[in-house]
Amino acid sequence: MPLSRKICVLSLVIAVAIVCELSIPNQAILQKALWILLAIVGIFVFIMRDRYNLVLNRMFLIANLAYAPFVIAAIGTVSMYFLVGDELNITIQAITTTIYLIVDMLAAYCLVSVFKTKSILIMIAAICLSYALSLFVGFLSVGLNGFILYLSGSNLISSVWFEKHDVGVSVVPLVIFLIFKFKEMGNSNKRICIAVLLALMLILFICGKRSALMGLCVGIFCFLIYRITRDERNRISVVFISAICVLIGSYAYVCIIHSGILGNIANYFAINSMGRIEVYEWFTDQYDITPVYFGKGFQYIHQYMNAGLGSELVNDFDYLHNSILQIYIETGFWGFWAWFIFILIIFPYSIKRYFGNRCYIFASTLMIVTVAIFMTDNVLTYPLYQLTLYVTLFAFIINKNSDARKHFTVSFVGCKSEKRFISII
């Protein structure tokens, strides 16, 4: 790798790591600015070069297809509140959130288009560096004793420094990617991969994100089921059936919350939901499980909390921390079914049509994992998670559909030698 390219990669890793550290002044603005810059570069690269490449052209189409539910939900929200008035400024929030999500996906396209499969290593390095920075800032603030108390669960104040929500869940797609690619690596590369997996799992453990751990377990379970299914047709059928089960299960989950069963289960088993179930139940009277419920509008819940219309606990949450329930409340019965049918069935099938069965299996697994994380988190709008999710998806597509068919090598900046880590077969 030329020195100039190494400097570019290293600068990008540092930049992504810094803008994901919440203690940095104006962190949100800096993160949006970097993502927007990457998205602009991605569009420019597509216009000037990638539109002539069949694989990259189709991948750009997939990147645009991915944000369709957000655009449709935003248009529906604007239309609804244009007729009835919008005291909470929900339409503005719906539009800006949708724009930022579009930026996330175009930024992911940029990274994969420019750096190909090496974009995976860029994200791994950035996330590891970002969390190392978080640990450094945390140790300066609360010291080693505070860190130990955080790990023991005795000091919730320290969680501000060590429990990084977006970083914690962003580890999951990367781990899933490496698991899918592990068998194809040589023995020396497998040792490197194991070391990387251990580093990512350590971040996941210290962050303490139960939603991320649950999503990872679901992803590993899906991977194992697919691996033991030998016949290609049967494997595709298993993937489709899994998606249907998750689709029905998501609706059942909403019904269980609305009926109060989830709260009863949590009370019976003394499960500490950290206030989540109380927040879910606050909105029970605001939606109905019926085909004639058409939703409150995309980003209604966030604006409701910002306006201080809930209890002190509800308003402090800022977000619902349950993207499945959020989508139902905000888009309604039919919007909910359309959204989840799209991300679990239509979107993966589009990838199958363009890029083949292996990419379909991986894409479907990522979507199922994401829905699993949805259950207790709001990764629907997490910038780093959305970027990492689509970088892993696009990198897998490039890995399996590259026109060049060249070996992919990873250059460890600062090392004299280069080691092969992942190969394009």
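Which helices each supply at least two residues of the nonpolar patch? Helix 2 (27-48) and helix 5 (90-115) do. Helices here are DSSP runs (H or I, at least four residues), numbered from the N terminus. The model is predicted: local features need pLDDT of at least 70, side-chain atom pairs count only at pLDDT 80 or more, and totals for chains, interfaces and linings use all residues. Residues are numbered from 1 along each chain as its sequence is written, and side-chain values use heavy atoms, with hydrogens and water left out.

The patch covers about 480 Å² and is made by Ile36, Ile40, Val78, Ile95, Ile99 and Tyr100. Patch residues have over 30% relative accessible area and no salt bridge, with nonpolar side chains (Val, Leu, Ile, Met, Phe, Trp, Tyr) joined within 5 Å. Areas come from the Shrake-Rupley method with a 1.4 Å probe. Helix 5 gives the most, with 3 residues. Isoleucine 99 is found in helix 5.

Helix 6 (residues 118-152) packs against helix 8 (residues 165-181) at an angle of about 145°, with axes 11 Å apart. Axes are lines fitted to C-alpha atoms over the stretch in contact, and angles run from 0 to 180 degrees between N-to-C directions.

The structure holds 6 salt bridges (a side-chain nitrogen of Lys or Arg within 4 Å of a carboxyl oxygen of Asp or Glu). One joins glutamate 21 and lysine 164 (3.8 Å, N to O). Glutamate 21 lies in the loop between helix 1 (3-19) and helix 2, and lysine 164 in the loop between helix 7 (159-162) and helix 8, so the pair ties together parts 143 residues apart in sequence.

Note on methods:
Patch = residues over 30% accessible without salt bridge, like charges linked within 9 Å, V, L, I, M, F, W, Y side chains within 5 Å.
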